[in-house]
Amino acid sequence: MGRLFPAACHQDRDFARFARYFLAYSYEFDERLLFYDAIAHLTLSLNGSRLLLFDDEHGKLQGYIQYRLEAEGETVFIESAILSPAYRSGMQFYKGFAKWTNHVVEEYAHIQRVKFHVRADHAYLINLYSKFAREIGETESRGRAELVFETAFDELRSYLRSDDTK
């Protein structure tokens with residue numbers, strides 16, 4: 001397992017690669033997500049969101065982060081993110097997340113906060129995300145409780161040592 005290389009998604013072929021990857025790994029996002037639900041998610045979310053894709057050294061897509069702006073452009077909301085199982089070590093997660101924050105800074109210098117949801121029954125992710133974000137509420141999605149997390153963007157960048165990953 002080698003390094004991952006981030007690239008913004010701009011062209012139709014990039015969106016097609018993402019769609020294939022999302023459909024193949026959508027069970028990782030939610031094991032109860034039906035194929036039709038995954039298609040609906042893609043259809044509804046792609047128009048208003050951005051994507052950062054992560055390729056391995058052979059150009060094979062191994063992960064992504066899908067995000068959008070909220071609150072008059074001061075908050076970036078992470079819609080979804082998946083890494084292929086072989087790349088889920090803590091180090092790959094942190095490096096990829098740091099590279100994403102660097103990318104967001106280049107796109108939107110005025111971001112103040114990052115928000116995201118996590119399934120309320122996913123203890124591992126709750127523990128991981130609690131290291132750098134705080135729980136601010138609860139919501140429901142597809143009949144399942146989700147916790148809402150938020151952190152200051154600058155604090156997240158500092159925690160991830162994002163300046164070290166440029």
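Reader: What does contact mean here?

Author: Contact means heavy atoms within 4.5 Å. Keep in mind that this is a predicted model. Now take His117. Leaving aside neighbours within four places in sequence, His117 is in contact with Phe77, Thr139, Glu146, Leu147 and Val148.

Reader: Where is His117 found?

Author: His117 is in strand 5, which covers residues 113–119.

Reader: Is His117 buried, partly exposed or exposed?

Author: Start with the cut-offs. Under 20% relative accessible area is buried, over 50% is exposed, and partly exposed lies in between. His117 has a relative accessible area of 32%, so His117 is partly exposed.

Reader: With which side chain does the side chain of His117 make a polar contact?

Author: Look at Glu146. The two side chains make a polar contact at 3.2 Å.

Reader: How far apart are the C-alpha atoms of His117 and Tyr129?

Author: Their C-alpha atoms are separated by 9.9 Å. Along the chain, His117 and Tyr129 are 12 residues apart.

Reader: Let us turn to the partner. Where is Glu146 found, and is Glu146 buried or exposed?

Author: Glu146 is in strand 7, residues 144–152. Its relative accessible area is 11%, so Glu146 is buried.

Reader: Which residues does Glu146 touch?

Author: Set aside residues up to four places away in sequence. Glu146 then touches His117, Val118, Arg119, Ala120, Gly137, Glu138, Thr139 and Ser141.

Reader: Arg119 is on that list. Is Arg119 buried or exposed?

Author: Arg119 has a relative accessible area of 13%, so Arg119 is buried. Arg119 has its place in strand 5. A polar contact of 3.0 Å joins its side chain to that of Asp121.

Reader: What does Arg119 touch?

Author: Skip residues up to four places away in sequence. Arg119 touches Phe29, Asp30, Glu31, Ile126, Arg144, Ala145 and Glu146.

Reader: Now the helix. How should I read a list of its buried residues?

Author: Begin with the geometry. An α-helix has 3.6 residues a turn, so residues three or four places apart point the same way. In helix 1, the buried residues are Asp14, Phe18, Ala19, Tyr21, Phe22 and Ser26.

Reader: What covers the buried residues of helix 1?

Author: The cover includes strand 1 (5–8), helix 2 (35–45), strand 2 (50–55), strand 3 (61–70) and strand 4 (75–83).

Reader: Where does helix 1 bend?

Author: Helix 1 spans residues 12–29 and bends at Leu23, by about 45°.

Reader: What about Phe15: buried, partly exposed or exposed?

Author: Phe15 lies in helix 1. Its relative accessibility is 26%, so Phe15 counts as partly exposed. Beyond residues up to four places away in sequence, Phe15 touches Cys9, His10, Leu46 and Leu51. Take Leu51 as an example. Phe15 and Leu51 are 36 residues apart in sequence, yet 8.6 Å apart in space, C-alpha to C-alpha.

Reader: Which element gives the most to the lining?

Author: Strand 4, with 7 residues.

Reader: What classes of residue make up the lining?

Author: There are 20 nonpolar, 12 polar and 10 charged residues.

Notes. Residues numbered from 1 in each chain as written. Predicted model: local features only at pLDDT ≥ 70, side-chain atom pairs only at ≥ 80, totals over all residues. Heavy atoms only, no water. Bend = angle between axes of the 7 residues up to and from the residue. Helix = DSSP H or I, 4+ residues; strand = E, 2+ residues; numbered from the N terminus. Buried < 20%, exposed > 50% of the residue type's maximum accessible area, 1.4 Å probe, protein only. Polar contact = N/O pair within 3.5 Å; in protein donor to acceptor, adjacent residues only side chain to side chain. Nonpolar A, V, L, I, M, F, W, Y, C, P; charged D, E, K, R; others polar.
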